[in-house]
Amino acid sequence: MEILIPTKLRKTPVYDVYWNFAYERQNVFFNRLLGEQNPWTSDPVIEKYKFTNTYRILDRVSQFLMSNIINQDEKNNLSDEDRLFRILIFKIFNKIETWQLLEKSIDAISWSGYSFNKYDKVLNAAFNNHTTIYSAAYIMASGKNSFGCIRKHQNHLKLLELMMENNLPKQISSSGSMAELYHLLLSYPLLGQFLAYQYATDINYSSLTNFSEEEFVMAGPGAHDGILKCFSDRGTYSDEDIIRYMMDNQEHEFDRLSLDFKNLFGRPLQLIDCQNLFCEVGKYARVSHPKIRDKSGRTRIKQVYKTKGALPAPCFPKKWGLSNAIQYFYSSHSLGTEIPQETQ
C-alpha cells in the first residue's frame, strides 16, 4: 500500500465541513438518546434534511438487523446456514417492512425451511399490490440476464439459492480477512464492489466472522463524489487511501477544529463510517457549498428529515466490547431505558 503524504493533498473548504458534520450529526444521536427535545441541532441543514448517522451501525436498518435478526438468531442458537440466510435475505431488500411481511407470511424465515415458491408468492402479492419491497438506499441489478426470471425479486431469490447451495457459510468461515470475505461475495453475480462491501460489513456484525472494521474498505459512488468535494487535488491516492487517511487522522482533526467529538462509547470512527461520511458530506455540501458541484450534477437534497418517535437503546455486536461503557453511560445519565440484553 502506498504511503499517504498529507502535504500532497489539496483540501477544499468542504474538508472541514466533513469533520463538523461528523461532530454535529453524532450530537443529534446523543441528544435524542438522552431524551432531549427537538431541535437536537443548531445546524439548519442537518435539522431540515435527512442524513444517515455518523456511525453506520446507528442507522435504523442496521439497528433492526442487529437487534431483531443477528443477536436474536445467536441467542436462539440457529445454525450458521440459517443465520447467514436470514442476514442475506434481509439485506437483499434492505427494507424492514419487507422483512416483517415475510415474517408474518412465512412460518420461519430460514434456509432449512426455504421454498422458492413460498417466498415468491408472498413477494409477488406485495408487488401486485403496488407495495415497494426494496429500499432505495442500494440499487441492485434486476438479474434477468443471470437467472432468467421475469421479476427482480425472483432473480434475487435465485442468487440467494446459488450462494447457499455453494455452501457460502463454510466458505465464509474459511475467510481469513475482511478483504477475502469481500472478494468471495464479489465473485457472485449481481454483487458489484459497493454491495459486496456492504454485505461483508453486515455479515461481520455477526459472530460468523470476527474481522476488524479497520482492515478493509471499498468506496462507493457517493463517497467518491464526497471525496472530490473535499479535495481539489489528491495526486495518485485512491479513494480507499483517502478514507483510511480520514480514519487515521480523526483525533487530530477534531482537536484542530476544537470539536469535542463524542465517539461511540469509546469506539472511534472506522473505515466504513468514514466512507459513509463522505457520502453524506457530499449531499450536505449541495446546500452549504453549492459552487462545489457534484460530479453527477445533483444540486439539491431530496429527503427531508422526519422524526419517528423516541430513540430506542442502541444494539451492537457483543465482540465490540461496548457493554461496560454503555452501562456507565446509562447509569451516569440516569436513563430509565433498559439496555437490550443482546448488548450486555
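Helices here are DSSP runs of H or I with at least four residues, numbered from the N terminus. The model is predicted: local features need pLDDT of at least 70, side-chain atom pairs count only at pLDDT 80 or more, and totals for chains, interfaces and linings use all residues. Residues are numbered from 1 along each chain as its sequence is written, and side-chain values use heavy atoms, without hydrogens or water.

View 1. Helix 1 covers residues 14-33. G35 follows helix 1 and has a positive phi, near 80°. P39 sits in the loop between helix 1 and helix 2 (44-48). The peptide bond from N38 to P39 is cis, with omega near 10°.

**View 2. Two loop residues with positive phi.** Most residues other than glycine have a negative phi. N94 has a phi near 55°. N94 lies in the loop between helix 4 and helix 5 (96-105) and is buried, at 6% relative accessible area. F265 also has a phi near 55°. Its loop joins helix 14 (250-256) and helix 15. F265 is buried too, at 11% relative accessibility.

**View 3. Helix 11 and its cover.** Helix 11 (residues 193-205) is mostly covered, with 11 of its 13 residues buried. Among them are Y197, D202 and Y205. The cover includes helix 3 (60-75) and helix 15 (271-288).

Note on methods: Buried < 20%, exposed > 50% of the residue type's maximum accessible area, 1.4 Å probe, protein only. Contact = heavy atoms within 4.5 Å. Expected span 1.5 Å × (residues − 1).
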